[in-house]
Amino acid sequence: MEISIIGLGLIGGSIAKSLRKSAEDFSISAWDRDEVLEKALEEKVIDAKLKSPEEAIKSEVIFLCLPVDESLKAFEALAPGLNEGTLITDVCGVKGKFEDSWKSLKSKGTYIGGHPMTGKEKGGFQNSDPLLFENAVYIVSASGKESPYINKFLGILSILGARPVYLDPYVHDKVVASVSHLPQLLSVALVNTVARNSDGVNNLDFAAGGFRDMTRIASSSFNIWKDVIRFNKREIISALELFIGEVSSMKDEISRGNPEALEALFNSSRESRERIPKVNKGFITPLFYISVFIKDEPGSISRISSALFQESINIKDIELLKFREGTGGTFQIAFESESESIRAAEILERAGLDVY
């Protein structure tokens with residue numbers, strides 16, 4: 001399959017590396033700055049350099065992986081010349097704008113929007129990772145659900161290791177404004193607020209793990225966010241207004257000295273957070289989890305992997321939830337099917353491990 005990737009940054013580079021490491025026979029061409037393309041050629045991540053995005057038009061699948069504004073320009077330039085059977089997709093954090101643009105364009109090709117919900121604090125080809133999409137939710141525009149090329153697209157996402165989820169493109173923009181764009185802006189605001197010194201003391205010198213966890217994304221590059229904020233302005237402002245209302249309400253209750261009201265806010269927050277899906281990383285192809293406690297002693301982790309390996313059970317994902325030195329910790333392990341997760345639990349229990 002001939003695939004072109006326009007933009008070999010973190011996402012585009014990770015797509016190229018993941019496809020290259022797969023067992024499938026892909027011919028991968030790409031467009032970016034020449035030094036980036038030379039590096040990708042040297043590492044055998046791509047097979048050919050494109051002199052311009054327009055040269056991608058002969059490919060079967062085109063991934064647009066540039067910042068939003070540049071991806072949109074390339075999208076509008078390429079669409080009219082696409083051949084029947086050519087699939088074009090983007091990875092941008094805004095979907096409604098692309099959907100509107102596609103409706104206004106005349107094209108023989110097919111567009112299916114996408115948005116991988118993954119990333120890193122540092123971008124660029126040098127930080128791209130073939131495992132970046134492993135078990136990550138990959139939002140697929142529901143408008144492409146009936147496309148005759150949807151299975152081809154989902155097949156590529158499967159090779160990337162992603163977990164596709166359908167979502168209306170306009171609903172997508174509202175959802176990501178709340179779960180992605182708002183946290184990004186709050187993280188920046190939080191760090192900038194705390195960074196103001198108190199009485200000559202640098203507050204950040206006393207920031208512990210919780211603060212670092214909450215503000216990890218504050219290091220993100222503004223170049224990536226500039227266009228996202230511009231093109232999803234209305235939904236982001238709406239999310240910010242809701243948040244400001246919540247903070248204002250909290251401030252009022254603290255001023256009134258009303259612990260009961262504050263406790264209600266804490267309880268409501270805890271209950272809502274517990275409803276965050278833990279067992280399904282993708283709704284089209286969900287994962288099924290079990291939790292296993294192991295003691296803090298040499299060989300404990302290999303007991304899990306060895307027992308499952310001997311029964312030919314493949315681990316799709318594994319995450320250390322909590323750990324106490326000298327005692328032990330709890331791992332959350334994911335499997336492809338519910339029956340496999342039940343069988344894995346039985347095997348690990350027979351191996352003497354605590355499963356729940």
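This is a predicted model: local features need pLDDT of at least 70, side-chain atom pairs count only at pLDDT 80 or more; totals for chains, interfaces and linings use all residues.
Residues are numbered from 1 along each chain as its sequence is written, and side-chain values use heavy atoms, with hydrogens and water left out.

View 1. Helices (H or I, at least four residues) and strands (E, at least two) are DSSP runs, numbered from the N terminus. The buried residues are L10, I11, G12, G13, S14, I15, A16, K17, S18 and L19, and they pack against strand 1 (2-6), strand 2 (27-31), strand 4 (61-64), strand 7 (114-116) and helix 5 (150-160).

**View 2. The largest nonpolar core, with 34 residues.** A nonpolar core is a set of buried Ala, Val, Leu, Ile, Met, Phe, Trp, Tyr and Cys residues joined through side-chain atoms within 4.5 Å. Here I5, L8, I15, I46, F63 and Y138 touch the most other members. Among the elements that give two or more residues to this core are helix 2 (34-42) and strand 8 (137-141), and helix 5 gives the most, with six residues. Leaving aside residues up to four places away in sequence, L8 touches G13, A16, A30, W31, D32, V36, L37, A40, I46 and F125, where contact means heavy atoms within 4.5 Å.

**View 3. Helix 4 (residues 96-104) packed with helix 6 (residues 169-194).** The two helices pack at an angle of about 160 degrees, with their axes 8 Å apart; axes are lines fitted to C-alpha atoms, for helices over the stretch in contact, and angles run from 0 to 180 degrees between N-to-C directions. That makes helix 4 roughly antiparallel to helix 6, a term for angles over 145 degrees. The contact is made by G96, K97, E99, D100 and K103 of helix 4 and P169, Y170 and D173 of helix 6.

**View 4. Two residues with positive phi, N135 and S312.** N135, which is not a glycine, has a positive phi of about 65 degrees and is found in the loop between strand 7 and strand 8, where it is buried, with a relative accessible area of 4%. S312, also a residue other than glycine, has a phi near 60 degrees; it is placed in the loop between helix 11 (300-310) and strand 11 (317-324), and at 66% relative accessibility S312 counts as exposed.

Note on methods
Angles under 35 degrees count as roughly parallel, over 145 as roughly antiparallel, 65 to 115 as roughly perpendicular and the rest as oblique. Buried means under 20% relative accessible area, exposed over 50%, partly exposed in between (1.4 Å probe, protein chains only).
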